[in-house]
Amino acid sequence: MSGTELVHALREGDALAQAAAWARVGRLARRIVGRYFGPGLDPADLVQEVLMRLAARLDELRDPESINGFVVGIALGVARNQARYAKLRRLVGLTPTGDSPEVTVAAADMEARDAVRRFYAILESARAEDRSLFVARYLEKLEVTEIAVVHAMSLGTTKRRMARAVERIGKRIARDQVLAGYLSSGGSFA
Amino acid sequence: MTDDRRPPDGGDATSEHERNQRWLERAANLVLETETLPGPASIPYLATLRERARWRKVRRRIVLAGIPATAAAALGLFLATGRPLPRDPAPLTYVVEGAATVQADSIEAATAASPPSVPGTGAAAGAGTRVRFTDGTVVSLDPGTRMRVPARTAAGANLILDRGRASFTVTHRPGAKWHVTTGPFIVDVTGTRFSLAWESAAQRLTLNLESGGVIVRGSAAGPGVSVRPGQTLIASAADGRFTVTPSGQLPINPGVVRPTLALASPSITERRGARRAGRAEGSPGPGRPEESRDHAPRPDLQPPSIIQPSAPSLVAGGGGVFCARERSEFSFEGSEHKVSVPPVYHLAMSGPRSDKTHSWCGVGSVKLDLNFHESGRRNFMGRLPNQSGQMVISLPHLVDFTDKNVSLHVYIDGPPEARIAAQLYVIHHGKWVNGPLVDHLVPKRWWTINHTFRAENPLNVGPPYPPAGTSLVTDCDRIALIIYSTGGPRNWSGAVYVDDIAWK
């Protein structure tokens with residue numbers, strides 16, 4: 001289904017076409033939110049929030065073929081807001097702090113599971129925007145121009161903030177010597 | 001990517017920056033390789049979604065209209081609380097009775113081997129687990145059954161049956177809207193008593209309807225299969241077969257109830273179901289945006305009351321009616337074709353040979369063994385050698401693929417929970433020019449992988465290498481396919497069949 005067909009189905013399709021279109025958009029939103037927060041989180045509520053915002057803002061989309069980028073931008077925005085609220089609630093003591101939840105990953109490799117858990121613990125303490133830039137660049141593999149669009153930043157600002165995000169997250173990784181060693185060795189804690 | 005992420009000064013700062021980049025790239029590879037692919041997102045209540053979206057726009061317009069400051073302040077406070085105008089009626093709530101493990105929106109009925117983790121449930125395992133909603137709807141869960149309640153409204157709820165069997169007594173009310181999702185199927189309910197069982201290993205749904213009416217959508221059901229009281233529906237997502245019989249009777253001649261209700265969109269209908277019915281709309285697989293689709297509405301028809309004869313097997317002749325107008329360059333019907341697999345990096349595919357058991361068009365295809373596992377050393381791309389497989393087809397002469405849509409068809413024989421991604425390449429003077437990664441492929445069905453190559457095609461090898469410019473595709477001597485294991489079990493053996501490579 002092309003972007004034009006998808007947007008058409010979302011806007012004007014009958015009930016079944018809309019259901020299919022929303023299901024597809026929902027999967028993309030769920031992937032983005034899931035990658036932002038890592039395994040262990042049930043992103044259903046956030047996905048619904050993304051879809052509601054998309055429904056409200058669909059008329060803003062000028063090029064239907066860029067629907068994917070549009071959804072990615074909304075999903076990352078919702079994720080960043082949620083991360084900021086969660087951090088604020090932790091700071092003022094409204095929710096208990098604690099370790100990251102147990103990570104459910106596809107690999108039976110215990111080292112990989114531990115490395116993923118450690119990495120997402122670092123991401124959780126990172127700035128919301130740094131996390132968002134990491135997801136866009138390294139997990140979604142977007143080009144810089146696409147990253148600039150989904151974050152509503154200029155190209156120059158995007159490059160500068162990405163460089164700083166790499167630096168800040170790198171410093172946090174360096175403080176976790178176990179994870180740093182794992183990543184330096186290319187995938188082994190040995 | 002050509003962004004300049006180097007810090008202004010060189011030396012240690014530069015090497016530290018490069019080190020940080022390497023770490024992030026390796027961390028990203030680790031996340032991608034170990035993530036479990038999300039299942040289908042629950043379809044939101046569209047009516048509620050549209051209503052809330054409409055009221056969001058109304059609220060925004062009111063704010064922008066320039067209400068006097070005091071009223072604006074009061075309205076701002078109202079908006080900050082996030083409450084819609086007018087207030088939504090309160091959604092249904094529920095209580096869980098009996099022995100169960102309750103976690104967020106997930107309810108798992110206890111078995112004798114797994115005592116409940118919810119204190120105070122008190123009842124012994126196997127005593128029966130019931131979920132009672134405030135409108136009187138009751139769902140009874142068999143031991144070991146897991147169900148989720150991800151969304152509730154005043155009109156009903158969206159339920160997901162992950163595994164096991166559940167019996168539903170849905171209170172009939174005007175405007176009631178209940179949906180039960182299990183596997184790829186969605187059961188729409190308005191006021192009904194029925195039981196539903198989902199076997200994830202066999203990908204089979206069994207629905208016994210006692211009273212009321214339901215419509216089952218999803219998979220090959222197309223826009224919907226109606227089930228009447230006293231009937232049992234058995235639906236297989238693996239081969240798209242539906243069987244409807246009087247409850248209590250086993251089907252003598254399992255057949256297919258062809259959904260003849262109006263097709264709303266081929267994006268909903270499994271395309272093999274549409275091909276079986278001989279319809280021309282839709283495309284043989286995903287990724288063919290050029291083919292036209294028929295969105296014209298058709299009158300609703302009742303499903304036939306007699307069982308139709310079985311449709312052709314999906315394994316052989318999966319292309320169906322599309323083979324009448326498809327002409328392939330490589331049909332693998334017996335002619336010799338040079339197909340090879342590499343000795344390094346992508347080792348999951350091996351033993352290419354002719355096969356007559358699976359085909360897209362005609363009777364033959366090329367079969368390769370698949371063996372995914374996680375042993376071995378990671379290569380410089382951070383991948384284990386048996387997490388991906390590659391096959392290469394040598395072309396008898398150089399081919400110009402500029403502005404050509406290159407396609408091939410793939411059937412993966414593996415465990416139903418496995419998830420695969422595939423990527424098509426053409427090789428121009430040794431440069432591997434790729435199409436997009438086609439992800440979320442499932443076994444036991446034919447998939448179309450295709451890409452239209454242009455005059456300038458970006459070369460994206462992937463981390464740790466930066467994008468490497470662009471390439472022509474005017475003098476290609478090979479076509480390649482790489483298959484990745486991306487989700488589900490990571491250690492499994494099976495087979496992949498490739499058929500009908502074409503370009504036009």
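Two strands are taken to pair if DSSP finds at least two bridges between them, and the strands (E, at least two residues) and helices (H or I, at least four) are DSSP runs numbered from the N terminus. This is a predicted model, in which local features need pLDDT of at least 70, side-chain atom pairs count only at pLDDT 80 or more, and totals for chains, interfaces and linings use all residues. Residues are numbered from 1 along each chain as its sequence is written, and chains are lettered from A in the order in which they are written.

**Five-stranded sheet of chain B**
- Chain B holds an open sheet of five strands, with antiparallel pairing, in the order β17-β18-β28-β20-β24.
- Its edges are formed by β17 (349-355) and β24 (446-453) of chain B, each of which pairs on one side only.
- Within this sheet, strand β20 (residues 404-413) of chain B runs antiparallel to strand β28 (residues 492-503) of chain B and is joined to β28 by seven bridges; B:Ser407 has B:Ala502 in β28(B) as its bridge partner.

**Further strand pairs of chain B**
- Strand β12 (residues 214-217) of chain B pairs with strand β9 (residues 185-189) of chain B in the antiparallel sense over four bridges, and B:Val214 in β12(B) is the bridge partner of B:Val189.
- β12(B) also runs antiparallel to strand β13 (residues 225-227) of chain B, joined by three bridges, with B:Val216 opposite B:Val225 in β13(B).

**A helix of chain A**
- In helix α9 (residues 177-184) of chain A, the residues A:Leu179, A:Ala180, A:Tyr182 and A:Leu183 are buried, that is, under 20% relative accessible area (1.4 Å probe, protein chains only).
- Seen down the axis of α9(A), its buried residues fall within an arc of 160°, so they line one face of the helix, the arc being that of the directions from the helix axis to the C-beta atoms.

Conventions. Side-chain values use heavy atoms; hydrogens and water are left out. Buried means under 20% relative accessible area, exposed over 50%, partly exposed in between (1.4 Å probe, protein chains only).
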